[in-house]
Amino acid sequence: MQKSVTPILSSITGIYHISIDKMSIDIPPNQTLYVNNLNEKVKKEELKKSLYAIFSQFGPILDIIAMKTLKMRGQAFVVFEDISSATNALRAMQGFPFYEKPMKIAYCKSKSDAIAKKDGTFVPREKKVREKRKPDEAAKPKPSKKHVTSTSDTAPSAPAGGASFGMPHATSNQEELPNKILFLTNLPEETTELMLSMLFNQFPGYKEVRLVPGRHDIAFVEFEAEMQAATARNSLNGFKITPTHQMNIAFAKK
């Protein structure tokens with residue numbers, strides 16, 4: 001008789017983690033992660049951007065697939081460029097509270113299109129795609145593409161910028177006085193408090209994110225101590241939230 005899994009963050013290293021490992025025992029490590037137990041109320045584009053924001057710290061991401069069909073809602077696929085990045089992400093983010101629900105992560109059972117195209121094994125399967133999408137197309141009109149994002153809905157493809165997309169880059173900074181409060185600049189218009197919170201609360205001592213009314217491009221992040229703030233700054237300074245917005249982090253002036 002299988003025991004039910006209680007999805008709480010504190011059990012990551014206990015029953016919950018073991019149960020996930022059993023689910024994945026027959027699936028060899030690969031570049032694609034299957035993520036489920038996602039909040040179904042989150043809009044698709046926001047979901048994909050938020051997944052990118054928290055997973056791209058582990059390595060270059062080739063694609064993120066998330067669909068709102070009845071069969072696929074609450075699920076997503078994150079395709080990394082290499083297996084080590086996917087493995088590190090799986091171990092670190094297992095049970096991570098994402099939009100108030102702990103993520104369940106496992107290796108994908110099959111090779112993603114992005115990886116197949118990269119290693120030369122991709123075989124087009126247009127007929128199967130059309131057959132699966134017909135019920136959805138008949139049920140609702142195609143959504144208008146108001147925003148250009150770095151990910152696709154069906155056939156994965158690498159975003160502009162390639163492997164460097166989303167990875168922190170070193171930036172030259174003048175000598176700054178340490179502060180437990182960080183000052184963030186060059187944030188994209190779609191930045192939300194929740195998105196930044198998910199990015200920074202992985203670091204010890206995190207307290208809160210404060211947005212500036214009327215300004216979408218700046219924010220403040222507070223930690224309990226200066227050293228903890230410095231650790232987060234060193235890790236995320238230069239992090240690309242989107243292909244065109246490289247986040248700059250400095251110590252707030254005292």
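Student: As what does Lys111 count at 49% relative accessibility?

Tutor: Lys111 counts as partly exposed at that value of 49%, since buried means under 20% relative accessible area, exposed over 50%, and partly exposed in between (1.4 Å probe, protein chains only). This is a predicted model, in which local features need pLDDT of at least 70 and side-chain atom pairs count only at pLDDT 80 or more, while totals for chains, interfaces and linings use all residues. Residues are numbered from 1 along each chain as its sequence is written, and side-chain values use heavy atoms, with hydrogens and water left out.

Student: Which side chain does Lys111 meet in a salt bridge?

Tutor: A salt bridge is a side-chain nitrogen of Lys or Arg within 4 Å of a carboxyl oxygen of Asp or Glu. Here the partner of Lys111 is Asp119, at 2.9 Å from N to O, and Asp119 is itself partly exposed, with a relative accessible area of 39%.

Student: How many salt bridges are found in the whole structure, and what do Glu40 and Arg73 tie together?

Tutor: The search finds 8 salt bridges, and one of them joins the side chains of Glu40 and Arg73 at 3.5 Å, N to O. Glu40 sits in the loop between β1 (32–36) and α2 (44–55), and Arg73 in the loop between β2 (61–65) and β3 (75–80), so this pair ties together parts that are 33 residues apart in sequence. Glu40 is partly exposed, with a relative accessible area of 43%, and Arg73 counts as partly exposed at 39%.

Student: How many helices and strands does the protein chain have, and what is the order of the open sheet of 4 strands?

Tutor: Helices (H or I, at least four residues) and strands (E, at least two) are DSSP runs, numbered from the N terminus, and the chain has 7 helices and 12 strands. Two strands pair if DSSP finds at least two bridges between them; the open sheet of 4 strands has the order β2-β3-β1-β6, with antiparallel pairing. Its edge strands are β2 and β6 (104–107), each of which pairs on one side only. Between β2 and β3, which run antiparallel, there are 4 bridges, and the bridge partner of Ile64 is Val78 in β3.

Student: Which strands does α2 touch as it packs on the sheet?

Tutor: With contact meaning heavy atoms within 4.5 Å, α2 touches β1, β2, β3 and β6. Axes are lines fitted to C-alpha atoms, for helices over the stretch in contact, and angles run from 0 to 180 degrees between N-to-C directions; the direction of α2 makes about 145° with that of β2. Helix α3 (residues 83–93) packs on the sheet as well, touching β1, β3 and β6, and its direction makes about 155° with that of β6.

Student: In what sense do strands β8 and β9 pair?

Tutor: Strand β8 (residues 206–212) and strand β9 (residues 215–223) pair in the antiparallel sense over 6 bridges, and Tyr206 stands opposite Phe223 in β9. The hairpin has 2 residues between these strands, and in it Gly214 takes a positive phi near 85°. As for salt bridges here, Asp217 and Arg215 meet through their side chains at 2.9 Å, N to O, and salt bridges that share partners join Lys207, Glu208, Arg210 and Glu222 into one network.

Student: What percentage of the 254 residues in the protein chain do buried residues make up?

Tutor: Buried residues make up 43% of them. Of the contacts with a separation of 6 or more, 71% come from residues 24 or more positions apart.
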